Amino acid sequence: MSILKDIFTAIKGGANEVGEAIVDSQALRILEQEIREADEGIAKAKVQLRNLKSKEIKLQRQLNSLQDEEAQYTSK
């Protein structure tokens, strides 16, 4: 029984080595894909930041307008 166990362990080890060899041979391709995905994420974050900044500016203008109206009404 231990011979079968050793053979099975050897097969599992060989499969792991093959898997690692494939990953190692494709390491640059994997790294380049991860960089592309990170760049896409950064681009999306920039768009979201731009949208938030524009909303902030719009709300600040509305606040200033309301504060001006308040000052006019209180002065009357």
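First, the ground rules. Residues are numbered from 1 along each chain as its sequence is written, and side-chain values use heavy atoms, with hydrogens and water left out. Because the model is predicted, local features need pLDDT of at least 70 and side-chain atom pairs count only at pLDDT 80 or more, while totals for chains, interfaces and linings use all residues.

The protein chain has two helices and zero strands; these are DSSP runs, H or I of at least four residues for helices and E of at least two for strands, numbered from the N terminus. The C-alpha atoms fill a box of roughly 100 × 30 × 10 Å along the principal axes.

How many of the 76 residues count as buried? The share is 0%, where buried means under 20% relative accessible area, exposed over 50%, and partly exposed in between, with a 1.4 Å probe and protein chains only.

Now the patches. Their residues have over 30% relative accessible area and no salt bridge, with like charges joined within 9 Å and nonpolar side chains (Val, Leu, Ile, Met, Phe, Trp, Tyr) within 5 Å. A salt bridge is a side-chain nitrogen of Lys or Arg within 4 Å of a carboxyl oxygen of Asp or Glu.

Ile 3, Leu 4, Ile 7 and Ile 11 make up a nonpolar patch on the surface. Ile 11 sits in helix α1, residues 2-25, and counts as exposed because its relative accessibility is 54%.

Glu 34, Glu 37, Asp 39 and Glu 40 form a negative patch. Asp 39 belongs to helix α2, residues 27-75, and at 48% is partly exposed.

How values were computed: Accessible areas come from the Shrake-Rupley method with a 1.4 Å probe; for residues, only the protein chains shown count as cover. Lys and Arg count as positive and Asp and Glu as negative; His and the chain ends are not counted. The place of a charge is taken as NZ of Lys, CZ of Arg, CG of Asp or CD of Glu.
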